[in-house]
Amino acid sequence: MSGTVLTSLKRKYSQAVGLSSYRDQHFKGNRTDQEHLLLLSTTLYVGNLSFYTTEEQIHELFSKCGDIKRIIMGLDKVRKTPCGFCFVEYYTREDSEHAIRYINGTRLDDRIVRTDWDAGFKEGRQYGRGKSGGQVRDEYRTDFDEGRGGYGQIIATKIKTKDSV
Amino acid sequence: MQFLAKTQTLNKPWEPVFIPKFENYATDPNDLLLCPCRALLAYIKRTEVLRKSQRLFVTYQKNHHVEASKNSIARWIVNTVKYAYEHADTDTLQFVRAHDTRKLSTSWALFNGLSSQEILRAAHWSNETTFTSYYLKDVPDLESRFAKAAILHTANRRQKKYFIFLIIKYFQYLDCLWSQIKNLRANKWAEKQITRPYLAFDGVLCEALQHTLPQIIPPSHNDEMSYPLPRVIFRMFDYTDVPEGPVLPGSHAIERYLIEEQLRRIIFKHAFDRKDCAASLLSYPMKNKVPLNYMIVEVMFGELFLLPRCPRLEIYYGSTFIELCKLQPGSMPQVLAQATELLFERLDSMNLSCIERLTNWFAYHLSNFQFRWSWDDWSSCLQMDPELPKPKFIKEVLIKCMRLSYHQRIVETCTEDFAPLIPEKPLSHFKYEKEGSGSLPGTMTAHQLIQAIKSKCTPEETMGILKDLPNPLKEDDETDPTYHPLRIDVFVSTLLHLGNKSFSHSFAAIAKFHHILKLLADTEEGQIWVLRTMFEVWRSHQQMMVVLVDKLLKTQIIEPSAVANWLFSSEMQPEFTKFYVWEIMHSTITKMSKHVDKLQKEVDDAKDKLDAYKRRINDGLEDDDDDEVPTESLIERMEERLDLAQNQQKRLFLIIFQRFIMVLSDHLANCESNGIDYSTPWYKWCIERLQQIFLLHHELVYRYISTLETLLFTSDIDFHILEIFQQFCALRS
């Protein structure tokens with residue numbers, strides 16, 4: 001993929017649907033290929049969900065932007081339960097752009113959801129990458145978030161050991 | 001003097017009726033004789049000696065003067081009206097009742113230039129529909145049609161009578177604009193809403209070269225032309241709705257139009273960024289001169305309610321409203337709540353598509369604001385027939401809220417008395433595991449099937465299990481029935497039951513056993529039975545049904561026509577007033593259209609490629625294109641497929657219209673034979689759904705118009721149904 005095509009692709013999109021600064025560190029391939037995939041992708045990463053939010057609810061909200069091809073719920077690697085993120089794949093780029101424009105930053109289940117482009121789902125990516133099975137952010141979080149299992153894992157462990165002492 | 005008009009109730013404040021003396025207005029002394037004040041005073045004076053109580057009217061029989069009864073007064077009125085008509089040379093009145101004074105006086109008042117607002121107030125009518133449809137009747141036809149148009153036209157807060165079908169509406173937008181422009185010209189083009197930066201350069205500009213602008217000649221009409229559909233003026237707020245700050249320009253003032261137009265431009269321009277849009281709307285340059293929030297809300301709803309389709313995704317307006325609320329937390333939510341109340345009050349006359357969009361928006365909006373709403377303000381709906389628009393709206397909003405959250409959450413947001421409107425908890429029903437299922441013919445097989453699927457059997461093995469089920473449709477040695485209801489029932493309900501944990505589980509089950517499902521549903525009857533079975537399992541989970549039908553269509557297990565036939569089957573008719581049924585219907589039609597469009601594009605692309613290839617060969621160029629060139633026979637096959645799909649599409653529409661005519665005719669005939677009023681809530685929803693199909697898919701339906709005219713909408717069907725078709729035809733003519 002040549003650099004100029006990439007730049008023109010990037011320019012094509014308004015700010016609302018442009019790429020964020022996040023890049024998946026586990027991506028197999030170079031940065032240019034990754035950005036190219038992101039700019040053509042019809043898959044979104046959806047974050048900051050409650051652990052209790054269901055696929056049905058996500059479907060209801062995201063189908064307002066277009067026909068959904070599939071939803072892959074993010075699961076805790078160990079417990080195999082929802083851990084607060086998912087991938088939503090649309091049939092067309094246009095529909096997925098709509099979702100970024102109109103859903104990113106609004107609420108689902110009383111939580112502000114975050115959407116970002118994803119280079120496309122690969123088997124294994126449905127699992128949390130944190131040490132304890134969930135998402136990495138839930139390892140280090142210091143606040144108490146009822147929708148995401150209370151305190152972050154590290155603090156939660158500390159509290160637990162303290163209690164047992 | 002205080003009295004209660006027919007349409008007033010005790011708990012509404014009485015509006016005093018003020019009758020002015022004519023002497024302030026009349027120039028002709030003869031007119032003074034007609035002054036009601038003078039007549040009243042004279043009457044009081046003359047009857048003074050006869051009156052024995054406080055009541056005004058007394059009877060005039062000699063020596064027997066008592067309080068006049070209601071009937072006597074009515075008779076007097078009738079006599080007077082008759083007298084007036086007999087002595088004027090019109091004979092439009094055949095039969096007069098005393099109550100008719102309401103329509104006569106108001107109708108004549110309208111023709112003599114009174115505004116609709118004044119008439120409505122004087123007669124204590126709450127909205128224009130009552131007036132236009134019930135009272136404005138006894139005037140010659142042409143005039144009354146004109147008057148109806150005029151009154152709906154000038155009606156202030158009327159937004160959703162939206163009978164876009166009625167051709168009179170067509171003139172509204174242009175007519176109204178034209179009269180505004182004429183007014184503007186009369187006022188020497190002075191208005192306060194357009195920014196005129198050139199005024200600052202007046203000195204330079206007045207000395208500059210003047211150009212003569214060419215005259216613009218509009219093209220003349222020819223039959224090939226297609227015109228845009230009629231547009232209706234949307235006005236939601238009246239200046240009295242705005243409590244403080246700058247005054248809202250009148251509904252038909254050019255200022256209102258100009259602001260609307262500029263706000264609409266902002267909404268159009270920023271459609272790809274809701275945050276920009278909200279910020280730009282709020283920084284509208286003339287914001288200090290108008291109640292901006294009210295104007296924004298009105299224009300946004302105007303766009304959202306545009307017919308036949310909303311110009312952007314509905315969620316664009318919804319998410320922009322949320323952004324507006326974030327930017328103006330102190331005022332915007334209140335205006336939106338006020339707007340919601342206004343719209344709610346007008347649900348009875350709102351167009352169905354607009355009710356649906358309002359429902360979707362409101363549920364979505366609530367989901368972003370913790371579902372906080374003072375539902376109790378609407379508790380009067382709990383006593384109504386639940387099929388009427390207002391209770392229906394609340395129920396559908398709660399269903400949509402539940403789809404965005406969960407059942408318990410909705411139960412907690414409403415008070416207990418709202419229980420009748422709260423949706424059922426969505427659960428699957430698997431009859432083969434219920435108590436008493438032992439007596440069902442398929443139970444044994446269903447249990448075997450569960451075991452087999454749980455131990456990961458192959459799809460073919462399940463066919464083996466189903467094989468022994470007898471076909472209840474088979475009689476003696478006759479030929480095989482076209483489908484096997486019991487096998488379908490056992491297999492589909494078991495499969496859906498096992499996949500009931502989530503959409504993904506259900507989809508996985510359908511994908512794995514796709515081949516078996518196709519075998520079982522190889523005829524349309526079989527496909528309808530699949531859908532029936534699905535309904536039996538998931539009837540309390542509307543979203544699941546919507547999603548499953550979608551999946552079954554996409555995987556080509558069922559065909560669109562089967563969906564239409566199923567939705568019109570007798571067991572689905574009680575579901576007819578529920579919105580999800582039509583969500584399924586419209587998505588089926590849309591899916592069919594997308595399929596046809598896709599095939600059409602493929603054929604076009606292939607033809608282009610072949611043409612380009614031929615040109616290259618003709619020009620003697622080497623064919624160095626890597627792309628495969630489609631052969632003539634390949635294109636022929638593609639065209640055959642397209643043809644097939646187009647026929648399927650046409651058939652789908654014909655089925656839908658035919659079934660509509662059937663269910664509506666049945667209803668009308670039943671009502672007639674039982675002597676009941678046909679105009680039940682069910683009928684109203686149903687006939688509006690028919691209208692909606694016409695309107696939402698008008699481009700497609702229009703292609704079949706001659707078939708529809710000769711085959712379905714023939715002169716022998718009921719007038720009420722035919723009328724809808726004729727209105728649709730009028731829309732395009």
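Trainee: What is the average pLDDT of chain A?
Mentor: This is a predicted model, and chain A averages a pLDDT of 90. In chain A, 93% of the residues score at least 70.

Trainee: Which elements of chain A have the lowest and the highest mean pLDDT?
Mentor: Helix α1 of chain A, residues 3–12, has the lowest, at 68. Helix α3 of chain A, residues 55–62, has the highest, at 98.

Trainee: And what does chain B average?
Mentor: Chain B averages 84, with 82% of the residues scoring at least 70.

Trainee: Where does pLDDT stay under 50 in chain B?
Mentor: Over residues 128–171 of chain B. The model still has 118 contacts there beyond four places in sequence. Where pLDDT is low, though, the predicted coordinates should not be read in detail.

Trainee: What ipTM does the complex get?
Mentor: The predictor gives an ipTM of 0.92, and a pTM of 0.79.

Trainee: What area do they bury?
Mentor: About 2500 Å² between chain B and chain A. Carbon and sulfur atoms account for 47% of that area.

Trainee: How many salt bridges cross the interface?
Mentor: Three, by the rule used. One pairs D67(A) with K554(B), with the closest N and O atoms 3.1 Å apart.

Trainee: How many residue pairs are in polar contact?
Mentor: There are 13 between chain B and chain A, counting pairs with both residues at pLDDT 80 or more.

Trainee: New topic: annotations. What does UniProt place on chain A?
Mentor: An unreviewed UniProt entry puts "domain: RRM" on residues 42–120 of chain A. That span is 23% helix and 39% strand. Its end C-alpha atoms lie 8 Å apart.

Trainee: And which residues of chain B carry a UniProt domain feature?
Mentor: UniProt, again in an unreviewed entry, has "domain: MIF4G-like type" at residues 284–414 and 430–702 of chain B. Over residues 284–414 of chain B, the chain is 61% helix and 0% strand. The end C-alpha atoms of that stretch are 38 Å apart.

Trainee: Back to salt bridges. How many are there over all chains?
Mentor: The structure holds 42. One of them joins R235(B) to E298(B), with the closest N and O atoms 3.9 Å apart. The pair links distant parts of the chain, 63 residues apart. R235(B) is in the loop between α9 and α10 (254–269) of chain B, and E298(B) is in helix α12 of chain B.

Trainee: Now the backbone. Is the bond from L307(B) to P308(B) cis or trans?
Mentor: The peptide bond is cis, with omega near 0 degrees. P308(B) sits in the loop between α12 (292–304) and α13 of chain B.

Trainee: What about K188(B): is phi positive or negative?
Mentor: Phi of K188(B) is positive, near 60 degrees. K188(B) is in the loop between α8 (168–186) and α9 (202–205) of chain B. Why flag these backbone features? Because most residues other than glycine have a negative phi, and most peptide bonds are trans.

Technical notes:
Residues numbered from 1 in each chain as written. Chains lettered and ligands numbered in written order. Predicted model: local features only at pLDDT ≥ 70, side-chain atom pairs only at ≥ 80, totals over all residues. Heavy atoms only, no water. Buried area = accessible area lost by both parts, 1.4 Å probe. Salt bridge = Lys/Arg side-chain N within 4 Å of Asp/Glu carboxyl O. Polar contact = N/O pair within 3.5 Å; in protein donor to acceptor, adjacent residues only side chain to side chain. UniProt positions renumbered as here; feature names shortened; annotations may be inferred. Helix = DSSP H or I, 4+ residues; strand = E, 2+ residues; numbered from the N terminus. pLDDT = per-residue confidence, 0-100. Contact = heavy atoms within 4.5 Å.
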